[in-house]
Amino acid sequence: MMGRVISVLFAVLTALSNGSASVLQRRAAMEVPDSDAMRLSLMTRLVRQKVWLAGIGLVIVAAVCQAIALATGPIAVVQPIFVIELPLTLLVAGLVMRVRTDAVVWSGVAAVTAGLALGMAAAAPVEGRDTVEDFAWIPALLVTGVFEAGLIVAALRTRGNARAALLGLAAACGYALTAALMKDAMANLDDGGVVALLASWQLYATAAAGVGALFLLQNALQAGSLVAVQPMLTLGDALISILYGVTLFDEELRTGWWLLPELVALALIATGCVRLARTPLARGTLAPPPPPTPR
């Protein structure tokens with residue numbers, strides 16, 4: 001029970017860090033011209049911006065929290081919690097920027113929270129194994145690679161929000177793969193300590209998948225609005241992570257008639273994410289604060 005509490009706590013901290021990072025990175029990506037899309041020059045422009053570097057700092061914090069969460073709980077529990085990253089970010093941003101939270105934000109928060117609670121209660125994930133057989137990774141990596149390649153090719157044939165949504169889903173797949181590899185790598189830490197962790201191929205594959213997902217996310221945020229990216233990123237990460245948990249780690253979810261409330265939960269989460277991503281706080285289009293009153 002204590003392990004599950006720690007897992008949920010660090011999953012929430014991961015969601016908060018990741019959500020804040022997404023908004024900061026979106027603000028930075030808006031300054032990059034379309035001609036830099038899908039090129040290394042996109043990253044060289046972004047790395048010069050302090051707001052983007054701040055977002056990367058939060059990504060690092062999120063990675064540490066995620067590693068702890070995955071080491072202490074099943075992937076089918078940890079990853080779906082990340083759907084609350086946008087609501088948490090907007091609420092904190094509203095407090096920091098002293099902006100009154102309106103009914104649209106609260107309705108979005110309520111929809112995402114209710115959807116997450118309903119989905120977790122209906123699915124009732126049961127933890128499976130901590131490790132994955134090496135040979136089981138081969139078909140998983142092949143299928144993931146084909147899926148990602150298809151999304152990228154389709155994205156390059158479109159523009160605007162359609163490209164942003166496709167690249168957002170590709171980034172979500174990359175982050176879900178990163179989580180699965182990270183969980184497998186952390187199991188080596190329990191079995192053989194730091195030496196076993198550093199000797200595992202999963203650790204370096206985690207880093208490679210994470211960098212690839214980050215690159216795709218920057219291109220998604222540069223291609224279109226946050227409202228096109230965030231729902232695909234949030235729901236895609238959760239659903240694909242659950243798929244990895246079931247197929248690779250033998251985690252179990254309730255099926256049968258329980259699928260009905262699970263689908264309702266997905267609809268609630270998607271609706272809430274769309275509403276939240278359309279708010280000025282999420283788009284980073286708030287008017288600047290009024291100047292101080294002269295004394």
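**Helices and a few residues**

User: Is the crossing of helix 6 and helix 11 left-handed or right-handed?
Analyst: Left-handed is the word if the near helix is turned anticlockwise from the far one by less than a right angle, right-handed if clockwise. By that rule, helix 6 and helix 11 have a crossing that is left-handed.

User: What pLDDT do local features need here?
Analyst: Residues are numbered from 1 along each chain, and side-chain values use heavy atoms, leaving out hydrogens and water. This is a predicted model, where totals for chains, interfaces and linings use all residues and side-chain atom pairs count only at pLDDT 80 or more, while local features need a pLDDT of at least 70.

User: At what angle do helix 6 and helix 11 pack?
Analyst: Helices here are DSSP runs (H or I, at least four residues), numbered from the N terminus. Axes are lines fitted to C-alpha atoms over the stretch in contact, and angles run from 0 to 180 degrees between N-to-C directions. Helix 6 covers residues 103-123 and helix 11 covers residues 259-277; their axes are 7 Å apart, and the angle is about 155°.

User: Why are helix 6 and helix 11 roughly antiparallel?
Analyst: Angles over 145 degrees count as roughly antiparallel. Helix 6 and helix 11 pack at about 155°, so the pair is roughly antiparallel.

User: How far apart are the end C-alpha atoms of helix 10?
Analyst: The expected span is 1.5 Å times one less than the number of residues. Helix 10 (residues 226-248) has 23 residues, so it should span 33 Å, which agrees with the distance between its end C-alpha atoms, 31 Å.

User: Is Thr14 buried or exposed?
Analyst: Thr14 belongs to helix 1 (residues 2-29). Buried means under 20% relative accessible area, exposed over 50%, and partly exposed in between (1.4 Å probe, protein chains only). Thr14 has 0% relative accessibility, so it counts as buried.

User: How far apart in space are Ile60 and Thr14?
Analyst: Ile60 is in helix 3 (residues 50-72). At 52% relative accessibility, Ile60 counts as exposed. Ile60 and Thr14 are 46 residues apart in sequence, and their C-alpha to C-alpha distance is 9.8 Å.

Notes:
Helix = DSSP H or I, 4+ residues; strand = E, 2+ residues; numbered from the N terminus. Parallel < 35°, antiparallel > 145°, perpendicular 65-115°, else oblique.
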